[in-house]
Structures are given as structure tokens and as C-alpha cells.
Amino acid sequence: MFTRYLRFPGGKSKALTFSYDDGVEQDVRLIDLFRNHGLKGTFNLNSGLFGQQDKHRRLTAEEVKKVYTPDVCEVACHGAHHGTLAACDTAVACLEVLDDRRTLEALFDCQIHGMAYANGSVNDEVESLCRSASIWYARTVVSTGSFDLPQNWLRMPATCHHNDKKLMELGEEFLALQAIKNPKIFTVWGHSYQFDDRDNWNVIERFADLMGGKEDIWYATNMELYLAWRDYQRLESSADGTLIHNPSPRSVWIGEQNGTCYEIKAGQTVRL
């Protein structure tokens with residue numbers, strides 16, 4: 001019997017992603033760091049708060065179009081006004097999500113289906129609301145310390161926050177993983193202004209030095225990871241599992257227990 005596993009582009013079994021919130025000016029420095037190390041990240045924006053100044057300055061609408069470029073960044077929702085969704089009336093929560101989607105989509109001229117919950121606020125009603133609003137994944141503030149794929153993409157956890165004392169230890173553990181059957185992801189989340197607050201940009205710089213440029217790691221955004229997983233779930237198989245059709249608009253990579261990997265291109269049917 002053919003047993004298959006999800007693989008990432010190039011047949012890789014490991015992926016690294018970052019998720020940063022609030023759209024603040026410190027993201028500029030962070031994105032330059034990502035670009036210099038070949039990393040990618042998801043940036044969760046509050047479109048109703050562009051340009052506002054509180055403790056930290058949020059980027060303006062004009063600035064975000066220049067800063068969050070698709071070579072390095074995915075733009076995702078974070079609630080138009082950073083609302084704590086589980087504490088909002090249902091109508092208000094709906095507007096927080098849909099107004100954010102609508103504004104960001106118009107600004108970046110693309111569909112946006114990703115999100116991070118402001119203040120980590122989520123319950124069953126909020127999850128259902130986001131699903132109805134065509135949010136496909138939503139990151140929480142839960143840190144698991146593990147590299148497993150989400151069981152529920154609308155309550156997507158992270159491996160850790162960048163200020164976790166075990167960040168570098170977890171990085172070394174992730175790099176050491178070999179001969180993996182089930183794919184693994186390392187998700188780091190945070191707010192870039194925290195590097196200024198704690199005067200610890202060296203933390204993310206050391207981590208980028210450690211993790212960047214590895215041939216066996218796929219550097220991806222949250223949405224790219226979600227789509228890789230979803231496309232894999234949509235594969236159509238013959239009864240014996242040897243004839244596979246890929247109905248998705250992207251290539252899907254699959255692996256066998258013996259380490260052999262196959263790329264099934266968009267619309268292609270292959271016999272393994």
C-alpha cells in the first residue's frame with residue numbers, strides 16, 4: 001500500500017515562517033533583515049489605524065504599499081481597529097474582519113484570506129465568523145514549542161514568540177531534524193516594536209543568521225504554508241493510491257516512506 005506525506009516545494013519537509021502584528025515602523029528594519037537572509041513573513045495590519053501614533057508609530061497607507069512587498073511579505077488582516085473580537089458584539093466583530101479585508105484588498109490589489117487575532121482573542125463564535133468571512137487561516141498567540149502543522153488552521157498556533165528564552169535552542173533542534181515523515185514547520189510571532197522596547201534586535205539577528213540559507217528549509221509565508229497543506233488535501237487518488245490527480249492551480253509535492261519525492265504539477269495526473 002502506498003503511503004504518502006506532504007512535502008513542500010522542492011521536496012522539502014521543513015518550513016520556517018514569521019508572523020508580525022500591527023504594521024509599525026519597526027517592520028521596515030525587520031523586513032530588510034528578512035530580505036538579507038532569504039526569509040519571509042506575514043504582516044498582520046489594522047487598516048483602520050494607519051498612520052496613528054501611540055507608543056509606537058503605525059505606517060501610513062502610502063507607506064505600507066512600499067514596505068510590504070510580495071517578495072518577502074504576505075499582508076493579512078488583524079482587525080480594522082485591533083478589536084478584541086470575543087468581547088465585541090457579533091456585528092462589530094464582523095465589521096472588524098470584513099472592513100479590514102476590504103480595505104487591504106483594495107490597497108494591495110489582491111485577495112486576502114489570512115489573519116491574526118488581535119490580542120489573541122478567539123472563541124467558537126469568532127472562529128465561525130471568520131470562516132464565514134472567507135478567512136482561511138488565523139494565527140493565535142498560543143505558543144506550543146512544537147513543529148507540528150496546525151490541527152485547526154483557524155486557530156493556528158506558533159512554535160514560539162521571538163522573546164522565548166528557548167528560541168535559539170528550538171532553532172538548533174529544528175535544524176537537526178532529519179528523515180522526517182510528517183512535515184514540520186517553525187512559526188515565530190511577535191511585534192517588531194518589541195525589539196526597540198527591549199533593545200534586543202540582536203535576538204532576531206542571531207536567529208536569522210542561524211536559520212537563513214538552509215537548503216532543506218522552505219522559507220514561506222503563513223498563506224503559502226496553508227495553501228501547500230490545502231492543495232495536498234485536495235489530491236485525488238485511485239483506489240490503490242498509485243494514480244494521483246492534482247486539481248489545484250499549483251504544484252503539489254508528495255513523499256514516500258523511502259524518501260522518494262514527486263512533484264505533481266497543476267492539473268496533472270501521474271502514476272507513482
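Let's start with the aromatic cluster. Ring pairs join Phe18, Tyr20, Phe34, Phe43, Tyr68, Phe147, Phe174, Phe186, Phe195, Trp201 and Phe207 into a cluster. Keep in mind that this is a predicted model.

One member of that cluster, Phe174, has a further contact. The charged end of lysine 14 sits over the ring of phenylalanine 174, 5.4 Å from the ring centre.

Now, how many aromatic pairs does a search of the whole structure find? The count is 17. Let me take one of them. Tryptophan 153 and tyrosine 226 have ring centres 5.5 Å apart. Their planes meet at 80°, so this pair is edge-to-face. For that label, the planes must be over 60 degrees apart.

Where do the two residues lie? Tryptophan 153 is in the loop between strand S6 (137-143) and strand S7 (156-158). Tyrosine 226 is in helix H8, residues 222-233. So the pair ties together parts that are 73 residues apart in sequence.

The cut-off for buried is under 20%.

Tyrosine 226 has another ring partner, tryptophan 229. Here the centres are 5.9 Å apart and the planes are at 40°, so the pair is tilted. Both residues lie in helix H8. They are 3 residues apart, about one turn of the helix. Tryptophan 229 counts as partly exposed, because its relative accessibility is 25%.

One more ring contact. The charged end of arginine 4 sits over the ring of tyrosine 232. The distance to the ring centre is 5.4 Å.

On to a sheet. Three strands form an open sheet, in the order S11-S12-S15, with antiparallel pairing. Which strands are at the edges? They are strand S11 (236-237) and strand S15 (269-271), and each pairs on one side only. Strand S12, residues 243-245, pairs with S15 over 3 bridges. Within this sheet, histidine 245 stands opposite threonine 269 in S15.

Last stop, proline 70. This residue is in the loop between helix H2 (61-67) and strand S4 (73-77). Proline 70 counts as exposed, because its relative accessibility is 70%. The cut-off for exposed is over 50%. From proline 70 to threonine 42 is 28 residues in sequence. In space, their C-alpha atoms are 10.0 Å apart.

Definitions and conventions:
Residues numbered from 1 in each chain as written. Predicted model: local features only at pLDDT ≥ 70, side-chain atom pairs only at ≥ 80, totals over all residues. Heavy atoms only, no water. Helix = DSSP H or I, 4+ residues; strand = E, 2+ residues; numbered from the N terminus. Buried < 20%, exposed > 50% of the residue type's maximum accessible area, 1.4 Å probe, protein only. Pairing = 2+ DSSP bridges. Phe/Tyr/Trp six-rings, centres within 6.5 Å; stacked < 30°, edge-to-face > 60°. Lys NZ or Arg CZ within 6 Å of the ring centre and 35° of its normal.
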